[in-house]
Amino acid sequence: MKKFLYPLPLAALLCVFFFNCSSEGFKLPNPDDLGGLNISDTKENVKCIVEKGENKSCYEISKNACKIIGGREIEKESEEKCISFACEWNSNSIEYGQESILSFKWGNVVQEGCSMAISPLDTGSHTISAFTIAGLSFLRDTTIVATATVTCGAEQPPIIQDCKPLTVKSVPIDFTCEWDSGDNVQVKYGGKSTLHFAFDPASVNIAQKEGCIPKISPLDPGEHLISASTIAGLSYSTDTIIVAKATVTCGNQVIPTKDCKPLTVTHVPGPEKTGTLSFKKSDYTSNDTIYFFRDTKVDSTYINNGIKITNKEESGCGDIKIKIDGSPAKIGSQVRATAAVTCEHIGELELDGISAEVLPDYKIGKCEFTGKSKETMRSDDTLTVGISVDNSYGRCTKIEYTFNGSTYLSSSSFALTSSGGTELKNIKAKVTCSGKDTTLTCPTVNVARYQKYEGCKEANRDKRDQLTFKTGKTIVDFACDTNKDDYYISCDTSPRTNFSVEIDGYREGDSENDIRPNGGDSGYNFPKLQTIPDGSLYRYPISVTINNKTTGDLKCGIW
């Protein structure tokens, strides 16, 4: 049997034009990535010969793919043997939960040493559900596209092709939800009624297989006392219709919510009240809303009870009691006060309730640079720092800064005019919250000396006494009287390692775009950059930093 090998140049073409290369093999790319060419249309597959020197390979691919990889289409009736394969399900569509068979078939040519694998399922019979294919849902129609991978020897890359798709049709699930029985169920306030839930007979099997669980709100199925103690908002004094809502969850699938048949609750005599509950005091108020801080002990002295029962004897009600929950205050919880009374025919009733949120603790951030400030700055810059305080709610009243470690001021800005050649290590911020001071250390700033040099002249070429640099770093902006693409600095020192040149975004190297040590003397060539015309001068477009590593002054020249 003839064995087709992939010549190296052809494999490269396949990677670029025909397949998406990955650790899993070659797969046809998205047509949109190839300017709209549909190279995955297997309905128009042709025999395609690709020749490179003495090597020749044959593929059954689309016409467009053959053109892209530089192949030559030959007649389908040609005796040239080409590798092809296909995989498919035994039907085009089935219902969720039914079985289908996935099969793989070779074409007319089966190359020696070829093997195949299919994912996500092997060939054979499968029950098509979420238990065999992750993410499949019985609630919606889904198309499954398996992938076949063929490998023919270690010297050939694998070939990947999608199998014919299988459509999985959805299976509906229905159920009933009702109180006791009948369409007009009634119960008196304080009485009992039973809520029933059941799957329709046609849905029972699929519901059991999928592990479907019903959830009904505001009450679970079963017998319930129909009062405000079990159904929030229910009133003993008003006829009310209760409409429970049922939702069924099957794994991670949720069946749309359905209203249960309603329950009518008829009123009974009860207490008549006037007045309300309110908070007398709080830790923080915003737009008439009350808040508390962590650990505040809220007791009856915080509550104003203005409630009175006007028909106390008629309704058979006792004294009003105030209950406070959530004290001491905890973050993530509420402080809630309720006024309740126990009445002879109704039991305990909540007459009114108020609540307040508990605010989170304040959070002090780090002291950081703001604006254009950074770790290395120039002596003509102004340093600005800042600190953020979250969740203050009036607790954090003052922020001060010091740039010398001792004197604190409200300003967060500091002029660096007199700080050139120094390192500012004692920058700090002090925040006062709830009467407590918190001091934070800000980042250290290296302040480089700054010089603006406009004496760069071709006439001063080779003069190394034009600039003086003290020990440490000095940032220089320079402009010359001559426009050229190769500016140079040289210093009266040996060896060259006594100083260095630093430019943001550039490194020391051999390229004309690098900072280049000059082999002839103690100097450096700057990167070749386009100058900026400035009157009669030509300004180098970016600043350069000269680092004097000696203990004395350094004499230099730029031309």
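**Briefing: backbone, strands and aromatic pairs**

Pro 120 is placed in the loop between strand E9 (114-119) and strand E10 (124-127). Helices (H or I, at least four residues) and strands (E, at least two) are DSSP runs, numbered from the N terminus. The model is predicted, and local features need pLDDT of at least 70, side-chain atom pairs count only at pLDDT 80 or more, and totals for chains, interfaces and linings use all residues. Residues are numbered from 1 along each chain as its sequence is written, and side-chain values use heavy atoms, with hydrogens and water left out.

**Backbone geometry**

- Most residues other than glycine have a negative phi, and most peptide bonds are trans.
- The peptide bond that joins Ser 119 and Pro 120 is cis, with omega about 5°.
- A cis peptide bond also leads from Ser 327 to Pro 328, with omega near 0°; Pro 328 is found in the loop between strand E30 (321-325) and strand E31 (334-343).
- Asp 288 has a positive phi, near 65°, and is in the loop between strand E26 (284-286) and strand E27 (289-292).
- Asp 288 is exposed, at 78% relative accessible area; buried means under 20%, exposed over 50%, and partly exposed in between (1.4 Å probe, protein chains only).
- Asn 391 has a positive phi near 60° and is in the loop between strand E35 (382-390) and strand E36 (396-402); with 29% relative accessibility, Asn 391 is partly exposed.

- Five of the five residues of strand E50 (residues 544-548) are buried.
- Val 544, Ile 546 and Asn 548 point one way from E50, while Thr 545 and Asn 547 point the other way.
- Strand E43 (residues 472-480) pairs with E50 in the antiparallel sense over five bridges; two strands pair if DSSP finds at least two bridges between them.
- Opposite Ile 546 in E50 stands Thr 474.
- Strand E45 (residues 499-502) runs antiparallel to E50 and is joined to E50 by four bridges, and Glu 502 has Thr 545 in E50 as its bridge partner.

**Surroundings of Thr 402**

- Thr 402 lies in strand E36 and is buried, with a relative accessible area of 0%.
- The side chains of Thr 402 and Asn 404 make a polar contact at 2.9 Å. A polar contact is a pair of N or O atoms within 3.5 Å; within protein, one must be able to donate a hydrogen and the other to accept it, and residues adjacent in sequence count only if both atoms are side-chain atoms.
- A polar atom of the Thr 402 side chain lies 3.0 Å from the backbone nitrogen of Gly 405.

**Aromatic pairs**

- The count comes to 16 aromatic pairs, where rings of Phe, Tyr and Trp (its six-membered ring) pair if their centres lie within 6.5 Å; planes under 30 degrees apart count as stacked, over 60 as edge-to-face and the rest as tilted.
- Phe 279 and Phe 292 form an edge-to-face pair, with 5.6 Å centre to centre and 70° between the planes.
- Phe 279 lies in strand E25 (residues 277-279) and Phe 292 in strand E27, so this pair ties together parts 13 residues apart in sequence.
- Phe 279 is buried at 15% relative accessibility, and Phe 292 is buried at 0% relative accessible area.
- Phe 403 and Phe 414 form a stacked pair, with 4.9 Å centre to centre and 15° between the planes.
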